[in-house]
Amino acid sequence: MVAIQKRKRLRRSGGRRRNSLPQCLMLSGALLVVSVAAWLSFSPANSIQERPQEQQHQQGDGLRSKFKLRKLQSRKTDTPKNEPSLLIRQIPRIQADNVSFDEFQADYASSDVAMQPIVLENVFPEFDTSQWTRQHIMDECGDIPLLAKGCNDAHDEDCHYVRFFNPKLMGKRWASLDVADLDKLGISTLRELLQLQDKPEGQHLYLHDAVVRQICPPALERLHVPRYFTYNYDDLAWSYNKLGKRRIESSQHYPAIFISKKGTGSPIHIDGGMTRFWVQQLSGRKLWRLFPPSEYWRFGANWRKDDYFKIDAMNPDFDKYPLLDGALVYETVLAPGQVIFVPENWSHQVVNLDDAISHGLNYVDWNFMPSYLKYWKNSMKDREYIADEQIQLWTAFFMPLDPRDNKEDNLDFHEYFESHHLAVIKQVPAAAKEFIQGRTAQQIDSYRDIAGQPAIVVATKFQFMAVVKYMLEMAKINVNEQDLYGNTALDFALESGNTELSNLLTKHGGVNGLTLDKDKLSKRT
């Protein structure tokens, strides 16, 4: 009886943003203009000029008030003053063991501050880079096929994650990455890919944004989520299978893993879906350059139209893009064990200074949610927006979720996925308590969300057991309030296959909508 509509989720690696968040970047004092040495293009045959270690890292003490004191790099003394250049600023660094969860949210992740990328050091004190060598990955997962289960097309971008930079796609395709033809390359397993990468003819190949659970499941056991990023509202799950068992990990794409050779990289791009993200370097070093949204006007007249950037942040063409002269760009070299946080809508380009392995996750926290909802509102038709289940969840009366009790702990990915299933969250959010305690039973019954669903239906639809119990115990609500289509909470519980939830509603007098409609009809006649 209940028609559940599924949204085709925006591909993480192929989505495009259409909105930019306002970014307030204030530079005090006299800004010194810098020159940029010619950096590597994306040919693995070229060597990369490495700077001294003290120039690669600029340490920060984790205090937001100190950001304004960090100096910008100056021009080289032998560079003519009229030579165009980028204004390069080193990304601040903080020691994670000195910054609590609440401090990070307030000082670095809140929309109330001028956000910028941050490098986190000492996030995982027990991190062991020896477990992330290419040989270790081959020994552990070498026989795993590159093609996804059920896929037969070796040149289909939806079937595998082997990519390479194609200069002909600059400005025409997201990140200018082309899909490798596995048949022509003569490879079918992860071992064969890594072995080909070690040869001159295969050094350009990139295992890009691959699902860890698919490409190397044992590696998932060694990966963790930094405590600052353990809630991702884009990964909240509520589905049950036909047997009534929770599907906690099957739907999530992330975490993603990247395996590449020295000299390769990803041209400038913005991550799809307008999301924030974090990346941990597992082995090798990776050079990052990032532009804040306030600098996008320098990218050319059509940058807003297609979002496929044509510029090269490592070796900018000032003749073709003269407005890049003086553009503010943030830079860092990420070393093994370190984590970079990148705010939403920041374009970025990377080059691997060594053979490198990294993993990361795009996420939506509550600080970012208002802008994320605006993004989807502008990307969808009104009717689609209202009918979309995920948007109904994000705007539900019980949002936001409370921070975890162990919010100062990093999570392994099994804990992460488990914590994102509403059916197993035991804590009733403060928002739900405020909603229920601040209203009479009649007011709760009369509430309707953006899709015209009563509160008890909303909580049941998303199988938030803790909230359903709280509503039934704390308020004498009508458990059989119906949505616009005549469905009751029990209809959603029965369709989900959640026996525990169905029994709970039945115990409190719940009936399905069809029974209720027949009863109403008999009384009228």
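Tutor: In this predicted model, the cover over the buried residues of helix 15 includes helix 12 (430-437), helix 13 (441-446), helix 14 (455-461) and helix 17. Helix 15 itself spans residues 465-474, and seven of its 10 residues are buried, so the rest of the structure largely encloses it. The buried residues are M465, A466, V467, V468, Y470, M471 and L472.

Two packed helices are described by the angle between their axes and the distance between the axes. For helix 16 (residues 489-496) and helix 17 (residues 499-507), the axes come within 8 Å and cross at roughly 155°. An angle over 145° counts as roughly antiparallel, and helix 16 is therefore roughly antiparallel to helix 17. The crossing of helix 16 with helix 17 is left-handed. On the side of helix 16 the contact is made by A489, L490, A493 and L494, and on the side of helix 17 by L501, S502, L505 and T506. Sorted by class, this contact holds six nonpolar residues and two polar ones, with no charged residue.

S502 is a residue of helix 17 that takes part in this contact. Its relative accessibility is 7%, and because buried means under 20%, S502 counts as buried. With neighbours within four places in sequence set aside, S502 touches L490, A493 and L494, residues that belong to the helix 16 side of the contact. A489 is also on that side; S502 and A489 are 13 residues apart in sequence, with 8.7 Å between their C-alpha atoms.

L287 has V351 of strand 14 as its bridge partner.

Another open sheet has nine strands in the order 2-3-13-10-15-8-6-4-5, and its pairing is also mixed. Strand 2 (93-95) and strand 5 form the edges, each with a single partner strand, so one side of each has no neighbour in the sheet. The twist here averages 25° from one strand to the next.

Strand 4 (residues 162-165) is joined to strand 6 (residues 206-211) by two bridges, and the two run antiparallel. V162 stands opposite L207 of strand 6. Toward strand 5 (residues 177-179), strand 4 has three bridges, again with the strands running antiparallel. On this side R163 stands opposite V179 of strand 5. As a general point, the side chains of a regular strand alternate between the two faces of the sheet.

Terms used
Residues are numbered from 1 along each chain as its sequence is written. This is a predicted model: local features need pLDDT of at least 70, side-chain atom pairs count only at pLDDT 80 or more; totals for chains, interfaces and linings use all residues. Side-chain values use heavy atoms; hydrogens and water are left out. Axes are lines fitted to C-alpha atoms, for helices over the stretch in contact, and angles run from 0 to 180 degrees between N-to-C directions. Helices (H or I, at least four residues) and strands (E, at least two) are DSSP runs, numbered from the N terminus. Angles under 35 degrees count as roughly parallel, over 145 as roughly antiparallel, 65 to 115 as roughly perpendicular and the rest as oblique. A crossing is left-handed if the near helix is turned anticlockwise from the far one by less than a right angle, and right-handed if clockwise. Contact means heavy atoms within 4.5 Å. Ala, Val, Leu, Ile, Met, Phe, Trp, Tyr, Cys and Pro count as nonpolar, Asp, Glu, Lys and Arg as charged, and the others, Gly among them, as polar. Two strands pair if DSSP finds at least two bridges between them. Buried means under 20% relative accessible area, exposed over 50%, partly exposed in between (1.4 Å probe, protein chains only).
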